[in-house]
Amino acid sequence: MTRSTRESFLARLHKPLGRPSTIINIPDPPEVDESIARLVAKDADLFAIFCDKAAATGMTIHQVTEQTLHESITARLREENVNTLSVCMADSQAMTHAVAQAGMQVQDWKALPGKAGLDRQFELDAGITDVHAAIAETGSLIYQSDAEHSRGMSLIVPWHIAIVKKSQIMADLIDFWNDRSSLDAQGMPASIAIITGPSKTADIEGVLITGVHGPAMVDVFVVEDQ
Amino acid sequence: MSNPRKLSQETETVSGESVELTMAGHDILFPKLPYDMKQRAKDATHNDQLQEFVNSATRMRDQLRINHCNDVFGDNYDKMRELAGSIKQHTLDHLDYYIEQFIDNATAAGTVVHYAADDKEANAICLEIAKLHSAKLVVKSKSMVTEETNLVHDLEAVGVETIETDLGEYILQLDNDAPSHLVTPMIHKNRASVGRAFARELGVEYTDDPKELTQIARRVLRDKYRQADIGISGGNFMIADSGSTVICTNEGNGRLCTSVPPVHVAFIGIEKMIPSRKHLPVFLKLLSRSAIGSPITVYNHIMTGPKRSHEADGPQEQHIILIDNGRTEVLKPETREMLRCIRCGACLNSCPVYRKVGGHSYGSVYPGPIGAILTPVFKGLANYKDLPYASSLCGACYEACPVKINIPKYLIKLRGDLIGGKHDKFIDRIFFKMWAMSLKKAWTYRMAGKFAGVFLRLRAGKSIKNKDPYLNRGWVKKVPGPAAGWTEKRDLVTPPTKDFRSWWDEHQKQKGGK
Ligand code: SF4
């Protein structure tokens with residue numbers, strides 16, 4: 001079989017589009033009219049809306065301050081009898097220390113890189129992460145992959161514990177994507193996950209069940225930093 | 001359990017090979033052509049699960065969509081759909097440009113882009129990648145285009161164990177069944193049949209508790225993610241200005257398939273393109289709201305290239321297979337609008353015909369109203385003559401569609417093509433010609449009406465003259481020509497000897513009026 005090439009493939013498109021080759025003028029796509037598409041105004045009470053919407057998705061919301069954060073998290077971990085967990089944050093030292101102090105086993109997810117590292121995350125009881133942004137409109141967490149952020153920690157662990165700073169809450173999905181629009185392809189994070197609630201399914205007779213593949217529980221600690 | 005496709009007791013006597021079994025599920029979506037819808041539609045009307053559960057579940061989802069969208073978009077709901085439709089239409093009008101832009105950006109991010117003119121080429125590319133990595137196990141998330149190419153069958157035929165990971169698709173795979181809905185693929189199955197399939201195929205104790213069944217599937221599938229050599233996904237959107245691929249799932253299986261295995265292969269139809277990241281929120285805002293009335297899918301995964309060198313984990317290779325498989329045929333100006341579809345399933349949920357006949361009656365990968373217009377273009381109108389008629393033309397699908405595809409317009413157009421294209425019987429065409437002539441003048445119309453009345457009364461075995469025209473009329477059991485469809489399912493009441501106009505004239509005369 002002769003294989004399609006970029007050229008032969010594009011030629012298939014040119015015919016129904018009624019032109020011999022690809023247009024060179026940069027097309028002008030419709031603007032996203034914010035008076036239609038925006039659902040949360042930038043000056044709304046983002047904190048309140050976020051907490052409300054996030055709770056509606058089945059995530060558990062805790063409002064804390066910088067002073068009470070560690071204490072609240074360790075108390076919650078004890079409540080669920082957590083043994084082993086990992087911490088995955090831009091600055092993980094203080095949190096790692098606090099959790100270890102509370103008697104839990106903290107595994108360094110960076111110690112075993114690549115697939116083997118992800119593989120081991122299947123054994124953890126929980127993962128603590130920070131986030132890159134949060135969205136008030138939908139109550140969503142935004143989690144990106146980078147040197148400090150393993151993909152598995154908000155995905156493989158049965159319990160995802162996320163720390164959101166109040167100042168990270170954006171009003172609308174539109175704001176987040178406007179923000180990311182200036183990056184070139186290499187500058188884009190390889191993985192951006194918009195997470196909105198625990199893993200869900202309603203495939204068997206429409207009965208809603210949480211925790212089918214990913215985390216069955218998501219706890220969000222919203223820190224008042226403003 | 002080593003192979004979830006191992007023989008089921010029920011089919012053991014019929015076929016000896018797992019490959020054969022895959023084909024049985026496959027036959028539901030790829031029937032013998034030309035396809036005759038009637039038998040499956042008839043069976044569906046006698047299927048309790050379908051008549052009770054599918055009907056109520058689709059009604060419920062339709063209502064959830066309406067309530068939720070009116071709630072958040074208010075008076076802007078229609079404008080929002082208009083906006084989304086216009087973005088998609090613009091992208092399709094300039095698809096060559098955006099595809100090239102996408103290829104350049106995705107390549108810059110480290111993705112390998114492949115080109116597949118049809119189903120065979122797409123699967124061949126995937127098989128080569130699997131061979132290159134000596135893959136034994138593949139985990140796969142839900143994708144309609146891989147149903148089109150019958151990918152699972154081809155991978156298993158060369159000995160690569162391939163597991164569907166969407167819970168619904170996993171169950172269908174275990175039970176050798178086929179999806180019947182774009183979003184909730186096993187809507188036609190009940191919990192007892194899931195329990196039986198699990199007991200039979202996984203050797204677990206029978207239970208029909210959805211929570212327990214889900215937990216069993218979770219245990220089996222989590223091991224598969226860990227062991228898989230390749231993860232295969234579809235793609236809900238491709239973003240031209242960043243070369244990114246977006247997948248949206250509620251279960252998280254899509255994100256697992258694209259994060260854990262060392263190689264990721266995405267099968268994506270060319271129509272999934274959008275111009276830029278700025279346009280993505282418009283679709284994320286509409287997709288899940290239209291599908292199930294929830295604000296957004298639980299996991300939206302936006303991927304731009306494989307794992308970067310400074311990252312600890314993620315797939316080392318990302319392959320995107322761009323797939324035509326008939327789409328450039330639909331891209332013709334006359335049908336281009338059909339390619340706007342984002343597969344939300346809202347038109348299925350809103351359709352009074354889908355609710356009654358179920359997805360398998362459409363005899364193709366794409367069921368419901370959108371399937372009724374897409375399939376005849378993909379596979380030939382002569383092969384799917386019933387589909388344009390599988391609609392009451394009530395317009396509910398058009399109202400529901402988040403990208404405003406005018407489905408009823410295309411249904412009517414296809415019906416026109418069937419008649420104009422001489423797909424219909426000679427006698428029908430003569431009849432319609434005569435009918436058209438009779439409608440031109442008042443007196444010819446009256447004559448035709450009188451003639452039809454006499455004809456039907458004779459057919460019913462009644463006299464043309466009757467003292468009491470409205471009583472003892474009886475039924476016409478069978479009518480020839482284009483009206484045969486009516487009497488196939490029910491009798492036609494015999495017309496009275498006196499029609500309304502004659503009665504009216506006499507009545508007015510008696511009153512002394514004009
Ligand atoms: S045609 Fe419209 S309503 Fe139907 S599945 Fe496609 S996008 Fe959804």
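Two strands pair if DSSP finds at least two bridges between them. Strands here are DSSP runs of E with at least two residues, helices are runs of H or I with at least four, and both are numbered from the N terminus. In this predicted model, β9(A) and β9(B) pair in the antiparallel sense over 5 bridges.

Local features need pLDDT of at least 70, side-chain atom pairs count only at pLDDT 80 or more, and totals for chains, interfaces and linings use all residues. Residues are numbered from 1 along each chain, chains are lettered from A, and side-chain values use heavy atoms, without hydrogens and water.

**The sheet**
- 8 strands form an open, mixed sheet in the order β8(A)-β5(A)-β6(A)-β9(A)-β9(B)-β6(B)-β5(B)-β8(B).
- β8 of chain A and β8 of chain B stand at the edges with a single partner strand each, so one side of each has no neighbour in the sheet.
- β6(A) and β9(A) pair in the antiparallel sense over 4 bridges.
- Ile194(A) is the bridge partner of Ile142(A), and Ile194(A) also stands opposite Asn300(B) in β9(B).

**The interface**
- Contact (heavy atoms within 4.5 Å) takes 89 residues from chain A and 108 residues from chain B.
- The two chains bury about 8,200 Å² between them, 60% of it on carbon and sulfur atoms. This buried area is the accessible area (1.4 Å probe) lost on being put together, summed over both parts.
- In chain A, Ile204(A), Glu205(A) and His213(A) lose the most area to chain B.

**Salt bridges**
- Chain A and chain B share 13 salt bridges (a side-chain nitrogen of Lys or Arg within 4 Å of a carboxyl oxygen of Asp or Glu).
- One of them joins Lys285(B) and Asp172(A) at 2.6 Å, N to O.
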